Amino acid sequence: LSKILFGSDAYNLPELYWLAARWGKRYLARALGVYVNGGLLDEAEALDGARMILHLNNRKVYNLTGA
């Protein structure tokens, strides 16, 4: 999970960024839910993984403070 970054191909229109963020979170939750239901992750690990994918990994890659 520490090597996955969220990104989209959205550009130019604010609505595309909004849609990409909404769908990205929705389908990431579904994917992580499969791992929770399969017993590979517990709920806390899945939430931490989501934070990493959506936020923390990007901050580390780009060397931003607060990561």
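Analyst: The following account concerns helix α2 and then turns to the chain around it. The model is a predicted one. Helix α2 covers residues 43–61, and the secondary structure of the chain as a whole comes to 2 helices and 0 strands.

Within helix α2, Asp-48 and Arg-51 stand 3 residues apart, about one turn of the helix. Their side chains meet in a salt bridge, with a distance of 3.0 Å from N to O. The structure holds 1 salt bridge. Asp-48 has a relative accessible area of 41%, and therefore counts as partly exposed. Arg-51 is likewise partly exposed, because its relative accessibility is 46%.

Helix α2 also contains Val-61. This residue has a relative accessible area of 53%; it is therefore exposed, the cut-off being over 50%. Together with Leu-5, Tyr-62 and Leu-64, Val-61 makes a nonpolar surface patch of about 410 Å².

As for the setting, the chain has 67 residues, of which 18% count as buried. Its accessible surface comes to about 5400 Å², with 58% belonging to carbon and sulfur atoms. The C-alpha trace spans about 40 × 25 × 15 Å along its principal axes. Among the contacts with a separation of 6 or more, 50% are between residues 24 or more positions apart. Finally, the chain carries 8 positive and 6 negative side chains, and the centres of these two sets lie 4 Å apart.

Key: Residues are numbered from 1 along each chain as its sequence is written. This is a predicted model: local features need pLDDT of at least 70, side-chain atom pairs count only at pLDDT 80 or more; totals for chains, interfaces and linings use all residues. Side-chain values use heavy atoms; hydrogens and water are left out. A salt bridge is a side-chain nitrogen of Lys or Arg within 4 Å of a carboxyl oxygen of Asp or Glu. Helices (H or I, at least four residues) and strands (E, at least two) are DSSP runs, numbered from the N terminus. Buried means under 20% relative accessible area, exposed over 50%, partly exposed in between (1.4 Å probe, protein chains only). Patches are made of residues with over 30% relative accessible area and no salt bridge: like charges are joined within 9 Å, nonpolar side chains (Val, Leu, Ile, Met, Phe, Trp, Tyr) within 5 Å. Accessible areas come from the Shrake-Rupley method with a 1.4 Å probe; for residues, only the protein chains shown count as cover. Contact means heavy atoms within 4.5 Å. Lys and Arg count as positive and Asp and Glu as negative; His and the chain ends are not counted. The place of a charge is taken as NZ of Lys, CZ of Arg, CG of Asp or CD of Glu.
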